[in-house]
Amino acid sequence: MSEDKGVTDNDVTIPAQGKGAAGQGVLNKEAAPGEVLLKVSGLQKHFPIRSGLLKRQTGSVKAVDGIDFDVRSGETLGVVGESGCGKSTMGRLITRLLEPTGGSVEFEGRDITHLGVRGMRPMRRDVQMIFQDPYSSLNPRHTVGGIISAPFKLQGVKPEGGIRKEVQRLLEVVGLNPEHYNRYPHEFSGGQRQRIGIARALALNPKLVVADEPVSALDVSIQAQVVNLLDDLQQELGLTYVIIAHDLSVIRHVSDRIAVMYLGKIVELADRKSLYSAPMHPYTTALMSAVPVPDPKRRGVKSERILLKGDVPSPISPPSGCRFHTRCWKATEVCKTQEPVLVELKPGQRVACHHPENAPDQAPGEAILPEARESIEVVTIGEGAEPSEPVAPVASEPAETEPAAATAESAAPAESAATAESAATAEAADGKGGASRGDAPEEPQESTDK
Ligand SMILES: Nc1ncnc2c1ncn2[C@@H]1O[C@H](COP(=O)(O)OP(=O)(O)O)[C@@H](O)[C@H]1O
Ligand code: SF4
Ligand SMILES: [Mg+2]
């Protein structure tokens with residue numbers, strides 16, 4: 001896949017495929033594993049809220065509010081958090097489908113934060129996105145061949161042997177029948193459609209693939225197949241992934257490192273092993289404690305589950321100090337007034353908390369607030385029985401197999417069928433990114449995928 005396809009550029013001035021915008025040589029295989037591929041600093045996205053006849057800005061939705069992280073070549077960074085925490089917005093910011101309000105995004109050492117349409121064009125080959133909903137992200141009026149060949153046409157790339165041959169090869173790579181070139185999306189199942197979306201994302205041999213909930217709209221029985229496909233493709237093609245999911249078991253399976261997001265912030269960032277063996281942020285602890293343990297040996301072992309009460313607060317006016325203090329059972333006065341900084345408390349494990357778990361207290365001597373004790377419910381599970389409902393409140397994302405989830409997501413402002421498709425091929429995305437600046441809806445959309 002990443003071998004030189006002998007492509008030629010005809011109508012645009014872009015580096016030959018296999019060259020990054022920074023000119024660092026063959027994309028996938030030459031990017032030294034472990035080197036920083038993407039660097040995000042202080043990244044923000046505030047969607048303006050406008051009201052009145054004059055559409056004056058009266059506030060903003062702080063969807064992403066100052067996040068810092070790196071993505072290293074060849075790794076998978078998992079991003080997890082409840083619905084409305086800003087995961088999708090973050091994904092669209094780093095793929096530059098949205099214009100950031102503040103902070104910076106560097107790709108291969110190049111600042112791409114405010115690149116315009118022309119400047120982003122070569123970048124579009126290197127950074128691709130896979131969307132949650134394979135129903136709305138594929139244009140129903142286009143054939144599979146048309147959909148997967150769109151990136152070649154938009155970028156003016158002619159693969160050796162022709163586009164059709166290359167598209168058929170891609171279909172095979174993702175486990176679909178190359179003979180289905182002329183079929184339409186509705187003729188495929190959800191899992192197959194997601195494979196089409198993956199083939200389209202891979203068409204231009206990208207370095208970084210950002211997958212936003214790539215399996216959560218799929219039937220549970222199909223999810224593992226798609227996750228395994230992503231895994232295999234990464235091995236084979238040396239891809240770097242940012243995989244966004246609310247499902248911690250998916251995140252655990254795919255990630256090398258994990259960023260936990262809460263209300264527009266990263267609250268914990270650690271390698272998978274550290275995070276799962278000794279989570280430090282109370283929010284991470286709560287998320288993980290809600291996940292049933294799949295280990296049959298542990299069945300029958302009594303365990304306590306922490307269930308957070310209530311929903312994520314509004315990102316229009318997030319809580320003061322630590323944003324999690326309204327739901328945290330460890331909250332003290334300092335948590336209400338001082339925002340904790342994301343600091344490395346163990347090698348490879350960063351956390352933003354005054355009173356972390358599994359680490360020394362950062363603000364000792366503080367008394368837990370009386371209301372903090374009411375913010376959770378602890379449920380004891382035992383005798384091999386998995387709880388039938390208590391898991392839901394923490395991972396409060398849409399039911400995974402219900403079409404309603406897909407429909408809700410498709411109604412998201414930035415992901416209509418047509419835009420998602422062209423965004424993935426990443427041309428029209430420029431227009432969308434530009435339009436997003438100051439072009440937010442009058443009223444903030446409450447989390448669209450609830
Ligand atoms: N275009 C938009 N205009 C206004 N608010 C938005 C827009 N897109 C997302 N939001 C809001 O930003 C917050 C974060 O949304 P999102 O990034 O979709 O979270 P997640 O993917 O974690 O569920 C939510 O409160 C959502 O309603
Ligand atoms: S202990 Fe304080 S700082 Fe830590 S998560 Fe809870 S409220 Fe936030
Ligand atoms: Mg989302």
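Let's start with strands β7 and β9. β7 covers residues 127-130, β9 covers residues 208-212, and the two run parallel, joined by four bridges. Strands here are DSSP E runs of at least two residues, helices are H or I runs of at least four, and both are numbered from the N terminus. Two strands pair if DSSP finds at least two bridges between them. Within this pair, Val127 sits opposite Leu208 of β9.

A word on the source. This is a predicted model: local features need pLDDT of at least 70, side-chain atom pairs count only at pLDDT 80 or more, and totals for chains, interfaces and linings use all residues. Residues are numbered from 1 along each chain as its sequence is written, while chains are lettered from A and ligands numbered from 1 in the order in which they are written.

Back to β7. Is β7 covered on one face or on both faces? Both. Val127 and Met129 are buried on one side, Gln128 and Ile130 on the other. Buried means 20 or more other C-beta atoms within 10 Å of the residue's own; exposed means 12 or fewer; partly exposed is in between; C-beta atoms are placed from the backbone. In general, side chains in a regular strand alternate between the two faces of the sheet.

Now the whole sheet. It is open, has eight strands and mixed pairing, and its order is β7-β9-β10-β4-β11-β12-β15-β14. β7 and β14 (343-346) are the edge strands, each pairing on one side only. Neighbouring strands are turned by 20° against each other on average, direction ignored. Further along, β11 (257-262) and β12 (265-271) pair antiparallel over six bridges. Tyr262 has Lys265 in β12 as its bridge partner.

Which helices pack here? α6 is one: α6 packs on the sheet, touching β7 and β9, and its direction makes about 175° with that of β7. Contact means C-beta atoms, placed from the backbone, within 7 Å. Axes are lines fitted to C-alpha atoms, for helices over the stretch in contact, and angles run from 0 to 180 degrees between N-to-C directions. α2 (87-94) is another: α2 lies across β4 (76-80), β7, β9, β10 (240-244) and β11, at about 150° to β10.

More on α6, residues 190-202. Its 13 residues reach 18 Å from first C-alpha to last, close to the 18 Å expected at 1.5 Å a residue. That expected span is 1.5 Å times one less than the number of residues. How many of the 13 residues of α6 are buried? 12 of them. Among them are Arg193, Arg195 and Arg200.

α10, residues 282-289, is also mostly covered, with six of its eight residues buried. Those are Pro282, Tyr283, Thr284, Ala286, Leu287 and Ser289. Their cover includes β4, α8 (248-254), β11, β12, α9 (272-277) and β13 (303-308).

There is also an open sheet of four strands, β3-β2-β5-β6, with antiparallel pairing. Its edges are β3 (56-72) and β6 (110-111), each pairing on one side only. β5 (102-107) and β6 share two bridges, and Phe107 stands opposite Arg110 in β6.

Most residues other than glycine have a negative phi. Lys55 is not a glycine, yet its phi is positive, about 55°. Lys55 sits in the loop between β2 (36-51) and β3, and is exposed, with 11 other C-beta atoms within 10 Å. Arg96 also has a positive phi, near 60°. Arg96 is in the loop between α2 and β5. Is Arg96 buried or exposed? Buried, because 25 other C-beta atoms lie within 10 Å.

Another loop arginine: Arg323, between β13 and α11 (333-337). Arg323 counts as buried because 26 other C-beta atoms lie within 10 Å. Leaving out residues up to four places away in sequence, Arg323 touches Tyr262, Leu263, Lys265 and Pro318. Its C-alpha is 9.3 Å from that of Pro340, 17 residues apart along the chain.

Ligand 2 next. Of the 13 residues around ligand 2, Cys322, His325, Cys328, Cys335 and Cys353 come nearest. Near means a C-beta atom, placed from the backbone, within 6 Å. The shell has eight nonpolar, four polar and one charged residue. Nonpolar is Ala, Val, Leu, Ile, Met, Phe, Trp, Tyr, Cys and Pro; charged is Asp, Glu, Lys and Arg; the others, Gly among them, are polar.

Last, the totals. The protein chain has 14 helices and 16 strands. Of its 450 residues, 46% count as buried. Among contacts between residues at least 6 apart in sequence, 71% join residues at least 24 apart.

Definitions and conventions
Two residues are in contact if their C-beta atoms, placed from the backbone, lie within 7 Å.
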